[in-house]
Amino acid sequence: MPSPRSKVEVGPTGARHYDLFMNVISLGYYPHLIRKVVEKMDIQPGQSILDLGSGTGRNDSFIAQKIGLEGSILGLDISKEMLNLSRKRCQSYPNVEFREQRIEMPLTYQGEFDKVFISIVLHGFEDAQKVGIISNAYRALKPGGLFYILDYNEVNLERLWFPLRWAFIRGECQLASEFLKLDLKGMLSSQGFTSFEEELFLRGHLRLLKATK
């Protein structure tokens, strides 16, 4: 069940305006950010990708251009409105599928994916739920598979770039503030992940963290 301290799940109105909101708080940079992130993920033709909390499918529309016809993407989200938007956005990609699924609950996927991606979602869960999501990612990956987490970096809230600080004050939850202090690498290590690498974006306020199974 969602935490009462979280705002990671949005209603129909929030879903319809999600992409616009992300564009506004990033001063129009968000689509370029996602393209850069996808490039850093080194996605190869034929790979299988699991997207946890796939949202409006914008990320997956970029990833689909990398995997070719032999690859596949499975996006999981709990919001019916988000799923409707993502299916519409990716309807020209027959190898992209979206399913309604809570990502913090145990998933059935075992060693099926080359890469797992979660974007601006993990911060909105309680720590025990984060562990559940990370455990799901570990089980879903093939041996040597990669888990990519795009989310807030470990920073001082008072020093955040103004648009992000505004977003925190206006729209984020207590869990997001706590996430800024979280030892995420330690949490990943506890579930078996190793070999961490990171790329920073938006003046170091967002981090793409890569972990290896």
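**The whole chain**

Keep in mind that this is a predicted model. The protein chain has nine helices and seven strands. It runs to 213 residues, and 53% of them count as buried. Take the contacts in the chain with a separation of 6 or more: 73% of those come from residues 24 or more positions apart.

**Where H3 meets H4**

Let's start with helix H3, residues 30-40, and helix H4, residues 58-67. Their axes come within 10 Å and cross at roughly 40°. An angle under 35 degrees would count as roughly parallel, and one from 65 to 115 as roughly perpendicular. H3 and H4 are therefore oblique to each other, and their crossing is right-handed.

Which residues do the meeting? On the H3 side there are Tyr30, Pro31, Ile34, Arg35, Val38 and Glu39, and on the H4 side Arg58, Asn59, Phe62, Ile63, Gln65 and Lys66. Sorted by class, this contact of H3 with H4 has six nonpolar, two polar and four charged residues.

With a relative accessible area of 3%, Val38 is buried. Setting aside neighbours within four places in sequence, Val38 is in contact with Asn59, Phe62, Ile63 and Lys66, and also with Ile43. Val38 and Phe117 sit 79 residues apart in sequence, yet their C-alpha atoms are 9.8 Å apart in space.

**H5 and its two sides**

Next comes helix H5, which covers residues 80-89 and has Met82, Leu83 and Ser86 buried. Looking down the axis of H5, those buried residues fall within an arc of 100°, so they line one face of the helix. What does the face turned away from the buried side of H5 carry? That face has the exposed residues Lys80 and Lys88.

Now for two residues that touch each other. Lys130 is found in helix H6, residues 127-140. Is Lys130 buried or exposed? Its relative accessible area is 2%, and under 20% counts as buried, so Lys130 is buried.

Leu182 lies in the loop between helix H8 (174-179) and helix H9 (184-190). Leu182 is buried too, with a relative accessible area of 13%. Leaving out residues up to four places away in sequence, Leu182 touches Asp127, Lys130, Glu154 and Met187. Leu182 and His123 are 59 residues apart in sequence and 9.4 Å apart in space, C-alpha to C-alpha.

**Two loop residues with positive phi**

Which residues other than glycine have a positive phi? Asp42 is one of them, with phi near 50°, and Ile120 is another, at about 55°. Asp42 is found in the loop between H3 and strand S1 (48-52), whereas Ile120 is in the loop between strand S4 (113-119) and H6. At 47% relative accessibility, Asp42 counts as partly exposed, while Ile120, at 10%, counts as buried.

**Accessibility side by side**

Here are the single residues from this tour with their values.

| Residue | Relative accessible area | Class |
|---|---|---|
| Lys130 | 2% | buried |
| Val38 | 3% | buried |
| Ile120 | 10% | buried |
| Leu182 | 13% | buried |
| Asp42 | 47% | partly exposed |

Note on methods: Residues are numbered from 1 along each chain as its sequence is written. This is a predicted model: local features need pLDDT of at least 70, side-chain atom pairs count only at pLDDT 80 or more; totals for chains, interfaces and linings use all residues. Side-chain values use heavy atoms; hydrogens and water are left out. Axes are lines fitted to C-alpha atoms, for helices over the stretch in contact, and angles run from 0 to 180 degrees between N-to-C directions. Helices (H or I, at least four residues) and strands (E, at least two) are DSSP runs, numbered from the N terminus. Angles under 35 degrees count as roughly parallel, over 145 as roughly antiparallel, 65 to 115 as roughly perpendicular and the rest as oblique. A crossing is left-handed if the near helix is turned anticlockwise from the far one by less than a right angle, and right-handed if clockwise. Contact means heavy atoms within 4.5 Å. Ala, Val, Leu, Ile, Met, Phe, Trp, Tyr, Cys and Pro count as nonpolar, Asp, Glu, Lys and Arg as charged, and the others, Gly among them, as polar. Buried means under 20% relative accessible area, exposed over 50%, partly exposed in between (1.4 Å probe, protein chains only). The arc is that of the directions from the helix axis to the C-beta atoms.
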